[in-house]
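Welcome, and thanks for taking a look at this structure. Please have the sequence and the 3D view open side by side while you read the briefing.

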Amino acid sequence: MARAGLTPDRLARAGAELADEAGLDAVTVSALARRFGVRAASLYAHVRGTDDLMTRIALLALEELADRAADAVAGRSGKDALAAFADAYRDYAREHPGRWAATRCPLDPETAAASAGPRHARMTRAILRGYDVPEEESVHAVRLLGSVFNGWAGLENAGAFDHSEPGPQASWERAVDALDVLLRHWPAPGR
């Protein structure tokens, strides 16, 4: 019989907390069982293993981040929307480094399609409509923004910007300014 109080959702949330505290690599079924004071075998009634647990954490984090980004961009357009969206990603990565790392876990195509991932892409495309990025170029712009936001968060969370002046906030603002200029002057294909 499954232990009272343990559910897949509760385990995903506990795994997300552990990831934020100790890093995503520290999250295992055994580590989570220790956190709940149960045997690892007890958790297999709720999750299939560490890979399943990682997928659940990734889905949770993608949903949380999509909700945060949607709230941030609501009622904004152009550079204001871009900056709010970018800040939502950066802030989430700093506040929840383990969960943010989980958002980059590979998902199978069916799980990815059912996740909040497509919401992220739709929000990014909505921001792009405030610029003159042609629809056929939007996938490139979405990938560029995702790469900048995720690359920045990874470097910042690793402490890569801690050793020089100006501080990371000034450079972040300049990066968002540069993205705004690029999106307003999107290059034609083949240039």
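Predicted model: local features only at pLDDT ≥ 70, side-chain atom pairs only at ≥ 80, totals over all residues.

The mean pLDDT of the chain is 94. The largest pocket has a volume of about 460 Å³, and helix α9 gives the most to its lining.

**The chain as a whole**

- If you read along the sequence, the elements follow the pattern α-α-α-α-α-α-α-α-α-α.
- The C-alpha trace spans about 60 × 40 × 30 Å along its principal axes.
- The chain has 191 residues, and buried residues make up 40% of them.

- A pLDDT of 70 or more is reached by 97% of the residues in the chain.
- Confidence is lowest in helix α3, which covers residues 40-43, at a mean of 90.
- Confidence is highest in α5, at 98.

**The largest pocket**

- The volume of the largest pocket is about 460 Å³, and 21 residues line it.
- Which of these residues are the closest to its centre? They are Tyr89, Gly117, His120, Gly146 and Asn150.
- The elements that give two or more residues to the lining are α4 (50-73), α5 (78-95), α8 (117-128) and α9 (138-157).
- Among these elements, α9 gives the most, with 7 residues.
- By residue type, the lining of the largest pocket divides into 12 nonpolar, 7 polar and 2 charged residues.

**A closer look at helix α9**

- Which residues of α9 are buried? They are Ser138, Ala141, Val142, Leu145, Phe149, Trp152, Ala153 and Glu156.
- Is Asn150 buried or partly exposed? Asn150 counts as partly exposed because its relative accessibility is 24%, and buried means under 20%.
- Asn150 and Ala93 are 57 residues apart in sequence, while their C-alpha atoms are 8.6 Å apart in space.

**From α9 to α10**

- The loop between α9 and α10 is the place to look for Pro166.
- Glu165 and Pro166 are joined by a cis peptide bond, with omega at about 0°.
- Arg174 is found in helix α10, which covers residues 168-184.
- Arg174 has a relative accessibility of 56%, so this residue counts as exposed.
- The C-alpha atoms of Arg174 and Glu156 are separated by 15 Å, and the two residues are 18 residues apart along the chain.
- Glu156 itself is one of the buried residues of α9.

- Glu95 lies in helix α5, one of the elements that give two or more residues to the lining of the largest pocket.
- Glu95 is partly exposed because its relative accessible area is 47%, and exposed means over 50%.
- The C-alpha atoms of Glu95 and Leu65 are separated by 11 Å, with the two residues 30 residues apart along the chain.
- Ala112 is found in helix α7, which covers residues 109-114.
- Ala112 has a relative accessible area of 28%, so this residue is partly exposed.
- From C-alpha to C-alpha, Ala112 and Arg34 are 30 Å apart in space, and they are 78 residues apart in sequence.

Technical notes:
Residues numbered from 1 in each chain as written. Heavy atoms only, no water. 1 Å grid on protein atoms, 1.4 Å probe; cavity = no way out; pocket = protein on both sides within 12 Å on 5 of 7 lines; lining within 4 Å. Points joined across faces, edges and corners; volume = space filled by probe spheres on them. Helix = DSSP H or I, 4+ residues; strand = E, 2+ residues; numbered from the N terminus. Nonpolar A, V, L, I, M, F, W, Y, C, P; charged D, E, K, R; others polar. pLDDT = per-residue confidence, 0-100. Buried < 20%, exposed > 50% of the residue type's maximum accessible area, 1.4 Å probe, protein only.
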